[in-house]
Amino acid sequence: MEAQKIVLAGDGRRLDVQLSEASGLTRSRIATLMEEGNVAVDGAVQKKAGMKAKPGQEIILTVPAPRPAVPEAQDIPLTILYEDADLAVVVKPCGMVVHPAAGNEDGTLVNALLHHLDSLGGIGGELRPGIVHRLDKDTSGLLLVAKNDAAQLALSEQLSARTMEKHYRALVEGSLREDSGRIEAAIARSKKDRKKMAVDEEGREAITEWTVLTRARGVTLLDVHILTGRTHQIRVHMRHIGHPVCGDPIYGSAKGAKVSRLMLHAYSLTFTHPRTGERLTFTADLPEEFRRGLKTHGAEEA
């Protein structure tokens, strides 16, 4: 993949603003490219993002070819529901870590994506997929992946603007009295255990809506719609209202329902395609071990 040159005329605005609009890259990415000497105005290299180019001055942005990603591509089985030049929708299995990190250097979703995805355009200067939103290791289901900077920016903006809709299936402990509800409780890292998250009025806004699908023996199957994307949000919120997710090793109850996995699955995802403007919806069937957990407790799949 070769370096890309973008040529345009100054219009009096800040270079980072004008170049971001012209290239589809984030302003922070433009600032990095400028610091690395990749922007020239009338032939002179400019490294300050806040500089303004006068009307008529020639601006040249050079976007280097993406560097090879640090993680290795690995031939790991992966279900890809949809893929085009800009994005992919994949199904992450329970137990798979998304990003390589200490203790999980390989065997991750990113390793699998590097092997399976075609024509990666690069994210942030690296030849790698952009994970638009997160899923915990033990949560299965749909993940949206950007294949270039422009798609990453557009999809992330939808996430921030709450125009991307995400629904989960969650089997929780106990029987909820109401048929639906809304939880608005800020979440922050726990002051008692830094490995956990907790409801904390000083934390970041977190909103979760739930609807009962099935009530069964000591458990309830919910459709859960999250309007924000905080770490462990559904798990923390359900524990907060006294109905932790079944099989949760961190926030669950030792006396809870006996299941083989965390009973949380990213079931449906709706977003607007960043290039075509088409509104798309994808769903991922419940995995076999999730269905077995439902059957064990007499909960019907919905």
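**View A. Y82, F271 and F282 form one aromatic cluster.** The model is predicted; local features require pLDDT of at least 70, side-chain atom pairs count only at pLDDT 80 or more, and totals for chains, interfaces and linings use all residues. Residues are numbered from 1 along each chain as its sequence is written, and side-chain values use heavy atoms, with hydrogens and water left out. Rings of Phe, Tyr and Trp (its six-membered ring) pair if their centres lie within 6.5 Å; planes under 30 degrees apart count as stacked, over 60 as edge-to-face and the rest as tilted. By this rule there are two aromatic pairs. Y82 and F282 make a tilted pair, with 5.5 Å centre to centre and 45 degrees between the planes. This pair links distant parts of the chain, since Y82 belongs to strand β6 (residues 79-83) and F282 to strand β18 (residues 279-283), 200 residues apart. The pair of F271 and F282 is stacked, because the ring centres are 6.1 Å apart and the planes are at 20 degrees. F271 lies in strand β17 (residues 264-272) and F282 in strand β18, so this pair ties together parts that are 11 residues apart in sequence. Helices (H or I, at least four residues) and strands (E, at least two) are DSSP runs, numbered from the N terminus.

View B. Buried means under 20% relative accessible area, exposed over 50%, and partly exposed in between (1.4 Å probe, protein chains only). Y82 counts as partly exposed because its relative accessibility is 27%. The buried residues in α3 are L109, V110, N111, A112, L113 and L114.

**View C. An open sheet of four strands in the order β1-β4-β2-β3.** The pairing in this sheet is antiparallel; two strands pair if DSSP finds at least two bridges between them. The edge strands, each pairing on one side only, are β1 (4-9) and β3 (44-45). Strand β2 (residues 39-41) pairs with β3 in the antiparallel sense over two bridges. A40 stands opposite V45 in β3.

**View D. The largest pocket, with a volume of about 940 Å³.** On a 1 Å grid over the protein atoms alone, a pocket is an open set of points with protein on both sides within 12 Å along at least five of seven lines, whereas a cavity is a set of points where a 1.4 Å probe fits but cannot get out; lining residues have an atom within 4 Å of a point. Of the 35 residues lining the largest pocket, R134, L135, G229, R230 and T231 are the closest to its centre. Helix α4 (149-161), strand β11 (165-173) and helix α5 (233-240) each supply at least two lining residues. The lining has 14 nonpolar, 11 polar and 10 charged residues.

**View E. The largest cavity, with a volume of about 40 Å³.** One cavity of 30 Å³ or more is found in the whole structure. H133, L142, K166, H167, Y168, A266, S268 and L269 line the largest cavity, and strands β11 and β17 each supply at least two of its lining residues.

Notes: Points joined across faces, edges and corners; volume = space filled by probe spheres on them. Nonpolar A, V, L, I, M, F, W, Y, C, P; charged D, E, K, R; others polar.
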